[in-house]
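Work through the exercises below with the structure open. Each task is followed by a stepwise solution.

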Amino acid sequence: MEVVPTTYPLTLSFWILSGVVSPLHQKSPEKKSIPMFRSLKLKRSLKSFITHHKNPHFNHTLEPLSSSPTTKTPQLNLIRQFSSSPPPPPNEPPLSAASATSSELRKYLGYSALLLSCAVATYYSFPFPENAKHKKAQLFRYAPLPDDLHTVVNWSGTHEVQTRVFLQPETLEELETIVKDANEKKQKIRPVGSGLSPNGIGLARAGMVNLALLDKVLEVDKEKKTVRVQAGIRVQQLVDAIKDYGITLQNFASIREQQIGGIVQVGAHGTGAKLPPIDEQVISMKLVTPAKGTIEISKDKDPELFFLARCGLGGLGIVAEVTLQCVERQELVEHTFVSNLTEIKKNHKKLLNDNKHVKYLYIPYTDTVVVVTCNPVSKWRGPPKYKPKYSLDEALQPVRDLYQESQEKYRGQPMATSSKDENEPEISSLTFTELRDKLLSLDPLNKDHVRKINQAEAEFWKRSEGYRVGWSDEILGFDCGGQQWVSETCFPAGTLSKPNMKDLKYIEDVVELIEKEEIPAPAPIEQRWTASSRSLMSPASSSSNDDIFSWVGIILYLPTTDARQRKQITEEFFHYRHLTQSRLWDQYSAYEHWAKIEVPKDKTELAALQARLRKRFPIDAFNKARMELDPNRILSNGMLEKMFPLDDNGASSS
């Protein structure tokens, strides 16, 4: 008799796979029916039991188990001998045969009852609702997402948390109440801004507070060129609000969407060897602290705490209000031209001294260095009269040509990213950075493919040389491209009057490393400069006003939504980053930007990071202030706890 295979329930499948129970029969294209070992043994045991006891009830009930009532099946001796003594005669059953077979029967009947109960339990334990969100068939993970669960993802999509506590106060009084209540309950409320930090430094699963609704300009002093604002206001929003007063911020980072509280707390920066990081523009601020309530600090009122908390990473209090020193609003002339490292070395000191803003963009696997300078428009000469050699379409043509060529090359390959999308925009409507992302998505880790993209980018910049005039908040921005992994380090570069040229040597070492290790590094490697900061936790911290610091960023883009491909890019990036860390950071006294530092999971690497940070920053003073202002550490998260560990007594540990 052939037994049709059965679809086993989840729990029964588990027992079968673990070897406790075997299916009786399985179909096979070669054999009609193959009895499994244990089912064969069960049948023979039952037959033996019937033979010895001659019970008519059992004979009547179990007789169908015998495949042929008239055929005698020879018994197999499946007992392994443990001595050299001869086995018992085959016709003389062991004295304990009756009890053994009874025990065996009860055992298998017990298995059957257990399987039945497990099947029933499995069926009634998983009443899947219609809104159950399940991506994979994994045990115990089928459940609807709660309505009060907030998912917070950083801009690059590299860090994500889900929390039930996400608070957005609308007034200072509400914020103070939130902090007081959270401190009493020891409830985490990590301050988070716009979520733009590549490392997600503001994220915390236990709870967050966001000041996006505290975004007002409170006071403007046109004569002193100062402005007092709520910390949730965004940079572009602030600039638009104060431009009618004829003032603006002294410097800008690459983008304008950061909240003022966040951009200050992580020590963000623009570029210009004469201009300090943005935290240096803060002349006073109001902190809402768990232990001491709302306090106001400045260089005149509690200067020690002021210079420590100005770049406080959100760990010393929630920045509620900030007073900033602004400058006169000016039009700038941006000059973009292409050079090479040999020429840069000859003119480096002059470029740093003669330009208010300057940055270099290095393109790996080429000798191209894009130089971008920005200076106020001359009151006497006015803006330069310059007619570009190429239109924007002509400048983009090399990149468009490569995109079309690459589409033809990869179209026949089984790659999800190369499939034709009906909703895909026309190539003529794509910007340069969008084209670069499209190109990289075809084969992001292929060094030769990335090299071709870099060469096309170098040609784009050669055709884009020229001048551009605009207000500082328009000119100083930079299109960073799409989602990405980035590591940016800051290190001393001498003084403005006497640069030590280590900033250019650092770049040479990075370029050599890329080529030697064949890293699929896209462009650009961005290099900027700032003056020093008096904020003790700033990577550019220095007591000397003459010191200058160089900031260098390396990058790998994440131009795809494919999880497998993003994982591969992530692994390649951390390999790239590790190489620069192990070979260059200690040599150049380089430390990562607080918003871009990635805390390692490995205990040995974490201990090394803690030791490095202790060499550069006043960790003991920072932790002491944390315990005074936030003894229950409700403003902290896993990242801060790992970088600045505290023991049970609140003292620094490492």
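For sorting a lining by class, Ala, Val, Leu, Ile, Met, Phe, Trp, Tyr, Cys and Pro count as nonpolar, Asp, Glu, Lys and Arg as charged, and the others, Gly among them, as polar. The model is predicted.

**Exercise 1.** Find the largest cavity and sort its lining residues by class.

Solution. 
- Step 1: searching the whole structure gives 5 cavities of 30 Å³ or more.
- Step 2: the volume of the largest cavity is about 80 Å³.
- Step 3: its lining consists of Thr-248, Leu-249, Gln-250, Phe-252, Val-327, Glu-328, Gln-330, Leu-332, Lys-356, His-357, Ser-472 and Leu-476.

**Exercise 2.** Which residues touch the most other members of the largest nonpolar core?

Solution. 
- Step 1: the largest nonpolar core holds 72 residues.
- Step 2: the residues that touch the most other members are Leu-175, Ile-189, Leu-238, Ile-260, Trp-594, Met-643 and Phe-644.
- Step 3: take Trp-594; leaving out residues up to four places away in sequence, its contacts include Val-266, Leu-313, Met-537, Met-643 and Phe-644. Asn-199 is also among the residues that Trp-594 touches.
- Step 4: a second, separate core has 37 residues, including Tyr-362, Phe-491, Ile-548 and Val-552.

**Exercise 3.** Determine the strand order of the open sheet formed by 3 strands.

Solution. 
- Step 1: strand S3 (166-167) and strand S4 (190-192) are the edge strands, each pairing on one side only.
- Step 2: S3 pairs with strand S5 (residues 208-210) in the parallel sense over 2 bridges, and Phe-166 stands opposite Met-208 in S5.
- Step 3: the order is S3-S5-S4, with parallel pairing.

Methods
Residues are numbered from 1 along each chain as its sequence is written. This is a predicted model: local features need pLDDT of at least 70, side-chain atom pairs count only at pLDDT 80 or more; totals for chains, interfaces and linings use all residues. Side-chain values use heavy atoms; hydrogens and water are left out. On a 1 Å grid over the protein atoms alone, a cavity is a set of points where a 1.4 Å probe fits but cannot get out, and a pocket is an open set with protein on both sides within 12 Å along at least five of seven lines; lining residues have an atom within 4 Å of a point. Grid points are joined across faces, edges and corners, and a volume is the space filled by probe spheres set on the points. A nonpolar core is a set of buried Ala, Val, Leu, Ile, Met, Phe, Trp, Tyr and Cys residues joined through side-chain atoms within 4.5 Å. Buried means under 20% relative accessible area, exposed over 50%, partly exposed in between (1.4 Å probe, protein chains only). Contact means heavy atoms within 4.5 Å. Two strands pair if DSSP finds at least two bridges between them. Helices (H or I, at least four residues) and strands (E, at least two) are DSSP runs, numbered from the N terminus.
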